[in-house]
Amino acid sequence: MLNSVLVHSPATLSNLGCGFDVFGLALTAPYDTVRVTRSAKPGVRIQHLDSYNLPTDPLQNVAGVALLAMLKDVPEAIGFDVEITKGIMPGSGVGSSAASAAGAVVAANAVLGNRFSKMQLVDFAMEGEAVASGTRHADNIAPAIFGGFTVVRALQPAIDIVALPAPPLWVAVVHPQIEVKTSDSRKVLPTSVPLGLAVRQWANVAGLVAGFMTADYELIGRSLDDYIVEPARLPLIPGLAKARKRALAAGAIGGGISGSGPSIFMLNRDEVTAQVVGAALGSVFAELGIEFNVYVGPVGTQGAYVVSEEI
């Protein structure tokens with residue numbers, strides 16, 4: 001049986017425009033590095049090997065809460081020592097908290113001989129997301145564990161995640177250095193939706209799934225529009241409209257807010273286009289005088305994965 005496991009857990013996109021709290025997409029980078037080591041001492045101990053000053057109390061740390069949830073289903077009197085190196089900036093809108101929670105449970109599961117299913121791992125990791133945002137949601141957790149393109153079909157009465165293949169796509173993400181808290185971005189959401197808008201949104205949801213399944217890039221582009229959530233969050237992210245317009249002019253298929261923001265993602269057919277689109281996205285925030293980071297890379301085909309093992 002393994003004693004210690006090192007995992008890389010990827011950044012993820014959630015919502016993908018029309019699929020609020022339902023769609024997720026794994027990236028290849030950036031990623032968190034999580035090491036979980038078996039301990040004879042019960043409980044969970046967290047150490048952060050980065051400069052973000054995140055809580056190490058396991059009851060306040062997303063990875064710690066996820067592992068404590070897992071330990072409730074482990075009959076042995078064991079514990080975990082955890083080392084986390086954040087490669088994904090907290091609050092960036094590309095699944096930072098999900099990466100830590102998912103990486104921790106994937107690593108711990110490997111230590112335990114992979115006794116839990118991926119659906120169970122999603123369940124454990126969602127407890128961590130509840131600490132980060134106040135709600136148990138799986139749109140970032142699912143791709144961080146399954147990889148590729150995921151659909152959160154249901155969380156009740158049972159977790160139902162549909163993992164679908166993603167066509168070859170390159171993603172350009174710009175992360176303006178402004179803070180948009182998930183809890184705050186949820187407060188601006190409408191509590192009711194006109195039927196006409198709902199119908200248009202449902203049509204795009206179906207279109208986006210069909211586009212991914214058939215590698216129809218034009219259909220993907222037409223289906224990414226969000227008529228409900230993004231308009232409500234538009235005031236929270238300066239430069240969003242201009243960034244989208246400039247990215248589309250540079251050849252992007254389409255895109256929108258990543259998660260609750262402030263990051264903005266654009267899907268692209270190839271690496272060359274993605275690099276040009278990334279530069280176009282960054283130029284908007286350079287003009288606004290807002291510091292930013294740009295990430296460009298292919299869609300990730302796998303979720304959190306084991307890098308090394310120690311017996």
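**Starting from one residue**

Author: Val199 counts as partly exposed, since its relative accessible area is 43%, where buried means under 20%, exposed over 50% and partly exposed in between, with a 1.4 Å probe and protein chains only. This is a predicted model, in which local features need pLDDT of at least 70 and side-chain atom pairs count only at pLDDT 80 or more, while totals for chains, interfaces and linings use all residues. Residues are numbered from 1 along each chain as its sequence is written, and side-chain values use heavy atoms, with hydrogens and water left out.

Reader: Which helix does Val199 lie in?

Author: Val199 lies in helix H6; helices (H or I, at least four residues) and strands (E, at least two) are DSSP runs numbered from the N terminus.

Reader: What span should H6 have, and how far apart are its end C-alpha atoms?

Author: The 20 residues of H6, 195-214, should span 28 Å at 1.5 Å a residue, and the end C-alpha atoms are 29 Å apart, which agrees; the expected span is 1.5 Å times one less than the number of residues. Just after H6, Ala215 has a positive phi of about 55°.

Reader: Which residues of H6 are buried, and what covers them?

Author: The buried ones are Ala198, Gln201, Asn204, Gly207, Leu208, Gly211 and Phe212. Their cover includes strands S2 (23-39), S5 (149-154) and S9 (264-268), together with helix H7 (217-223), contact meaning heavy atoms within 4.5 Å.

Reader: Moving on, which residues touch the most other members of the largest nonpolar core?

Author: Among the 45 residues of that core, these are Met70, Phe80, Val82, Val105 and Ile145; a nonpolar core is a set of buried Ala, Val, Leu, Ile, Met, Phe, Trp, Tyr and Cys residues joined through side-chain atoms within 4.5 Å. The elements that give two or more residues to this core include strand S1 (4-14), helix H1 (62-71) and strand S4 (79-85), and helix H2 gives the most, with ten residues.

Reader: And what does Met70 touch?

Author: Leaving out residues up to four places away in sequence, Met70 touches Phe80, Val105, Ala108, Asn109, Leu112, Phe116, Leu121 and Phe124. Apart from this core lies another, of 26 residues, among them Leu27, Ile253, Phe265 and Val299.

Reader: Now charges: how many salt bridges does the structure hold?

Author: The structure holds ten salt bridges, each a side-chain nitrogen of Lys or Arg within 4 Å of a carboxyl oxygen of Asp or Glu. One of them joins Lys86 and Asp32, whose closest N and O atoms are 2.5 Å apart. That pair links distant parts of the chain, with Lys86 in the loop between S4 and H2 and Asp32 in strand S2, 54 residues apart.

Reader: Are Lys86 and Asp32 buried or exposed?

Author: Both Lys86 and Asp32 are buried. For another pair, Asp160 and Arg153, the closest N and O atoms are 2.5 Å apart; Asp160 is partly exposed at 26% relative accessibility, while Arg153 is exposed at 55%.

Reader: Which helices hold Arg246 and Glu287?

Author: Arg246 and Glu287 meet in a salt bridge of 3.0 Å, N to O. Arg246 lies in helix H9 (residues 240-249) and Glu287 in helix H10 (residues 271-288), so the pair ties together parts that are 41 residues apart in sequence. Arg246 is partly exposed, at 27% relative accessible area, whereas Glu287 is exposed, at 53%.
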